[in-house]
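Thanks for asking me to look this one over.

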Amino acid sequence: MSLRRPTAATVFALAIVLPTLTCVGWGLARDWPRVSIDLLYWIVLVSAVELLPVPAWRGLQASLAFPLLTAVAITFTPPLAAVVALLGSLDSRELHRGVSPLRALFNRCQVALAVFAASAVFHALGNISHPLASVIAPGLLAIVTDYLINMCLVSMAASLIYRVRPQSVLRQLLGRG
C-alpha cells in the first residue's frame, strides 16, 4: 500500500484508516475523564504480546493478542478499548520498516475498529459488573463481532494487494486453502 501510486488497496486502507482515527480521536476526547494508568498497562501488555508474531499466508501475521483485546473490549468503553488496540497493536515489522507506514496504520486501525465494535456490542448487551452468567452471551457476541470484522477487513485488504478473491484469502487464513 503506497500513497505514491494509489491503488484499490490504498483507497481501501485510507477508507478504513481515516474514519477510524477520526472516531477514536473523537471518542477519546469524549471519554478523557475515564482515562487511567490502566490503559497504559494494557497498551504495554498488548504490545509485548504482539512482538510474538505468528506467520500466516503471504506475509500476513496472526496475533496472539486476541484474548487480551477481548478483555480490553469488555473492560473499557469502545473508544478507550480502541485506543488500547490502536496503540498496542505493534507489528514487529514496523520496527525495521518491513511494512509501509500506511499498511502499519491500516493494520492498527482495523484491529482498533474490530475492538471498538466488540466493545460496543458487549456494552450494549451486558455489563462487566453483572453476574458471570449474564455476561457470557454478550461476551461471546463481542468475540464473534471482533473476529468477523478483523477477518473481513484483512481478507479484503489482502485480496486487493495480492489480486485474489477475498474467499481465497479467507480459506488460506483459516488453513483450508
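1. What share of the contacts in the protein with a separation of 6 or more comes from residues 24 or more positions apart? Such pairs account for 68% of those contacts. Please keep in mind throughout that this is a predicted model.

2. Let's begin with the overall layout. The protein has eight helices and two strands. Read from the N terminus, the order of elements is α-α-β-β-α-α-α-α-α-α. With a radius of gyration of 16 Å, close to the 16 Å that the globule rule gives for 177 residues, the protein is as compact as a globular protein of that length. Along the principal axes, its C-alpha atoms fill a box of roughly 50 × 35 × 25 Å. Of the 177 residues, 42% are buried.

3. Next, the helix pairs. Two packed helices are described by the angle between their axes and the distance between the axes. Take helix H6 (residues 101-125) and helix H7 (residues 132-162): their axes lie 8 Å apart, at an angle of about 155 degrees. An angle over 145 degrees counts as roughly antiparallel, and that is how H6 runs relative to H7. The crossing of H6 past H7 is right-handed. In the contact of H6 with H7 there are 20 nonpolar residues, along with four polar and two charged ones.

4. H2 passes H4 in a right-handed crossing. On the H2 side the contact uses Leu 39, Trp 42, Ile 43, Val 46, Ser 47 and Glu 50, while H4 brings Leu 80, Val 84, Leu 87 and Gly 88. By class, that contact holds seven nonpolar, two polar and one charged residues.

5. H2 also packs with H3, where the axes come within 9 Å and cross at roughly 160 degrees. That angle makes H2 roughly antiparallel to H3. This crossing is left-handed. Trp 42, Leu 45, Val 46 and Val 49 of H2 meet Leu 68, Leu 69, Ala 71 and Val 72 of H3. The contact of H2 with H3 has eight nonpolar residues, no polar and no charged.

6. Staying with helix H3, are Pro 67 and Thr 70 buried or exposed? Pro 67, which is found in helix H3, counts as exposed because its relative accessibility is 56%. Thr 70, also found in helix H3, is buried, with a relative accessible area of 11%. For distances across the fold, Pro 67 and Ala 142 are 75 residues apart in sequence and 11 Å apart in space, C-alpha to C-alpha. Thr 70 and Cys 152 are separated by 82 residues in sequence and by 18 Å in space, again C-alpha to C-alpha.

7. Now a loop residue. Thr 77 sits in the loop between helix H3 (66-75) and H4. Why does Thr 77 count as buried? Its relative accessibility is 17%, and the cut-off for a buried residue is under 20%. Leaving aside residues up to four places away in sequence, Thr 77 touches Asp 31, Arg 34, Ser 119 and His 123.

8. Arg 97 is not a glycine, although it has a positive phi of about 55 degrees. Arg 97 is placed in the loop between helix H5 (92-95) and H6, and at 77% relative accessibility it counts as exposed. Arg 163 likewise has a positive phi of about 55 degrees without being a glycine. Arg 163 lies in the loop between H7 and helix H8 (166-173), and with a relative accessibility of 72% it counts as exposed.

Conventions:
Residues are numbered from 1 along each chain as its sequence is written. This is a predicted model: local features need pLDDT of at least 70, side-chain atom pairs count only at pLDDT 80 or more; totals for chains, interfaces and linings use all residues. Side-chain values use heavy atoms; hydrogens and water are left out. Axes are lines fitted to C-alpha atoms, for helices over the stretch in contact, and angles run from 0 to 180 degrees between N-to-C directions. Helices (H or I, at least four residues) and strands (E, at least two) are DSSP runs, numbered from the N terminus. Angles under 35 degrees count as roughly parallel, over 145 as roughly antiparallel, 65 to 115 as roughly perpendicular and the rest as oblique. A crossing is left-handed if the near helix is turned anticlockwise from the far one by less than a right angle, and right-handed if clockwise. Ala, Val, Leu, Ile, Met, Phe, Trp, Tyr, Cys and Pro count as nonpolar, Asp, Glu, Lys and Arg as charged, and the others, Gly among them, as polar. Contact means heavy atoms within 4.5 Å. The radius of gyration is taken over C-alpha atoms; the globule rule is 2.2 Å times the number of residues to the power 0.38. Buried means under 20% relative accessible area, exposed over 50%, partly exposed in between (1.4 Å probe, protein chains only).
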